[in-house]
Amino acid sequence: MKNVITLMPVRLAATRLPNKPLRVINGKTLVQRVYENVKNALDTDIAIAAGDQAIVDECAKFGATAILTDPNLPSGTDRIASALKTIDSDGSKYDIVVDFQGDNINVDPKVVLPLIEMVRRTGCDIATCGMLIASEEDKNNPNIVKIIMGLKQGEKEARCLYFTRATAPYTRNPEKCPNQAFPA
């Protein structure tokens, strides 16, 4: 049995909604609500990779383990790697690390269960979930990360080729390519 930890990267410096993790929603902060959702859904160790002391202080109020990371780290992945070094310095405690974003209040944490199983089954280093893009607007939205994969019809998992915020698939000469529906 592989040991699993869910690490939630959280920081205050969001550009679209600063201090978002500390915003109160019906009496609880966003970070507390997401943490409780994860705790109730997953049977893993859980910790918060905090980019700010204020987040660590807030987590102490509701009993969550929070590890202060360098606020200048460029991504949640870097924050997770830093926190993991603190929690599991020699790499012997955890075999699987789940990244559950600390602002995913509307995402059911159970979405990661098939990913954990995939890592166990295949031995892959990284697994992520995605969904089909439903609209042209989403396809062109730079706030939506697109996963470019080599899926065959009927397949539900494959190797990722790359991630992008750009329009995908990119059409070099749209006037030469009529709009086509891609099979699901």
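## Helix α2

On one side of α2, Ala60 and Lys61 are exposed. The buried residues of α2 are Ile55, Val56, Glu58 and Cys59. They cover an arc of only 165° around the axis, so they sit on the same side of α2. An α-helix has 3.6 residues a turn, so residues three or four places apart point the same way.

The buried residues of α2 pack against several elements: β1, β3, α1, β4 and β5. After α2 comes Gly63. The phi of Gly63 is positive, near 85°.

## The chain as a whole

This is a predicted model. The chain holds five helices and eight strands. From the N terminus on, its elements run β-β-β-α-β-α-β-α-β-α-α-β-β. The C-alpha atoms fill a box of roughly 60 × 40 × 30 Å, taken along the principal axes.

The chain has 184 residues, and buried residues make up 29% of them. Contacts also reach along the sequence. Take those between residues at least 6 apart: 52% of them join residues at least 24 apart.

## The open sheet

Four strands form an open sheet. Their order is β5-β4-β1-β6, and the pairing is parallel. The edge strands are β5 and β6, and each pairs on one side only. Neighbouring strands of this sheet are turned by 30° against each other on average, direction ignored. In general, strands of a sheet pair through backbone hydrogen bonds, either parallel or antiparallel.

Two helices lie across strands of this sheet. Helix α1 lies across β1 and β4 and runs at about 165° to β1. Helix α4, residues 113-122, lies across β1 and β6. The angle of α4 to β6 is about 150°.

## Strand β1

Strand β1 pairs with β4 in the parallel sense over six bridges. With β6, strand β1 pairs in the parallel sense over four bridges. Val4 stands opposite Ile96 in β6. Thr6 stands opposite Ile46 in β4. Pro9 has Ala49 of β4 as its bridge partner.

How many residues of β1 are buried? Seven of the seven are, so β1 is largely enclosed by the rest of the structure. The side chains part in two directions. Val4, Thr6, Met8 and Val10 point one way from β1. Ile5, Leu7 and Pro9 point the other way. Both sets are buried.

## Helix α1

Helix α1 covers residues 30-41. Its length can be checked. At 1.5 Å a residue, its twelve residues should span 16 Å. The end C-alpha atoms are 17 Å apart, which agrees.

The buried residues of α1 are Leu30, Val31, Gln32, Val34, Tyr35, Val38 and Ala41. They pack against strands β1, β2, β3 and β4, and against helix α2.

Gln32 lies in helix α1. Is Gln32 buried or exposed? At 14% relative accessibility, Gln32 counts as buried, because the cut-off for buried is under 20%. Leaving aside its neighbours within four places in sequence, Gln32 is in contact with Glu58 and Phe62. Of these, Glu58 is one of the buried residues of α2.

## One aromatic pair

A search of the whole structure finds one aromatic pair. Which rings form it? They are the rings of Tyr35 and Phe62. Their centres are 5.5 Å apart and their planes stand at 50°, so the pair is tilted.

Tyr35 lies in helix α1, and Phe62 lies in the loop between α2 and β5. The pair therefore ties together parts that are 27 residues apart in sequence. Both Tyr35 and Phe62 are buried.

Definitions and conventions
Residues numbered from 1 in each chain as written. Predicted model: local features only at pLDDT ≥ 70, side-chain atom pairs only at ≥ 80, totals over all residues. Heavy atoms only, no water. Expected span 1.5 Å × (residues − 1). Buried < 20%, exposed > 50% of the residue type's maximum accessible area, 1.4 Å probe, protein only. Contact = heavy atoms within 4.5 Å. Phe/Tyr/Trp six-rings, centres within 6.5 Å; stacked < 30°, edge-to-face > 60°. Arc of directions from axis to C-beta. Pairing = 2+ DSSP bridges. Axes fitted to C-alpha atoms, helices over the stretch in contact; angles between N-to-C directions.
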